[in-house]
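Colleague: Could you take a close look at the aromatic rings and what surrounds them?

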Amino acid sequence: MSDETSTSTGTGTPAGPQPEPLRFFGTTWVEHDGGYTGRRIGVAVGSLAAAVASCFVLRFAFQGLAIADVGALVNVMVVVMFAVCTALAFRHTSGAFSKRPDPDRQASLRGLLTIGFVGSLLAYCFRSLTEAPGEKLHREEYETAKEQYTRRTTRRAGNPAKKRRRA
């Protein structure tokens with residue numbers, strides 16, 4: 001959240017916190033305008049198409065292992081590795097849409113998420129069927145920031161030191 005303090009008369013930017021833009025959506029998620037629905041459909045179709053294309057690439061890689069005749073054990077290990085990494089990447093990515101991930105944990109899982117990239121693409125696709133990925137988290141943060149800004153900027157009525165005491 002950026003906390004702009006300029007007034008709307010000077011720069012054209014309203015005073016107060018500004019919504020954080022989401023990838024592929026910008027700030028259209030705030031009011032669901034500017035082609036928001038079309039973008040959601042496009043993101044869902046695009047991430048699903050990328051996941052399908054990725055599966056074809058993985059299939060060709062697996063066929064390469066079969067041609068190399070590396071053995072049944074290696075084939076099983078590769079399939080299990082991709083299945084487990086895909087499931088973990090799906091779970092991690094879908095969880096990251098509802099709460100901010102820990103940066104240290106994110107860095108330590110980078111390799112696993114890279115191997116399980118199909119799971120991340122599928123999580124992105126499924127989330128965009130209901131909302132912009134990360135919209136709920138950003139909306140909660142934005143509403144909290146607006147509420148805090150309103151509380152900070154609301155003025156009191158009068159000076160409490162000059163208040164008369166009731167008898």
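Modeller: Start with exposure: buried means under 20% relative accessible area, exposed over 50% and partly exposed in between, with a 1.4 Å probe and protein chains only. This is a predicted model, where local features need pLDDT of at least 70 and side-chain atom pairs pLDDT 80 or more, while totals for chains, interfaces and linings use all residues. Residues are numbered from 1 along each chain as its sequence is written, and side-chain values use heavy atoms, without hydrogens or water.

Phe 90 has 32% relative accessibility, so it counts as partly exposed. Phe 126, at 47%, is also partly exposed.

Now the rings. Phe, Tyr and Trp (six-membered ring) pair when centres lie within 6.5 Å; planes under 30 degrees apart are stacked, over 60 edge-to-face, the rest tilted. That rule gives 5 aromatic pairs. Phe 90 and Phe 126 form an edge-to-face pair, because their ring centres are 6.1 Å apart and their planes stand at 75 degrees. Phe 90 sits in helix α2 (residues 72-96) and Phe 126 in helix α5 (residues 117-128), so the pair ties together parts 36 residues apart in sequence. Helices here are DSSP runs (H or I, at least four residues), numbered from the N terminus.

Elsewhere, ring pairs join Phe 24, Phe 97 and Tyr 124 in a cluster. Leaving out residues up to four places away in sequence, Tyr 124 touches Arg 23, Phe 24, Val 43, Ser 47, Phe 97 and Pro 133 (heavy atoms within 4.5 Å). Phe 97 and Tyr 124 also belong to the largest nonpolar core, which has 10 residues, Trp 29 and Tyr 142 among them.

Definitions and conventions: Helix = DSSP H or I, 4+ residues; strand = E, 2+ residues; numbered from the N terminus. Core = buried A, V, L, I, M, F, W, Y, C linked by side-chain atoms within 4.5 Å.
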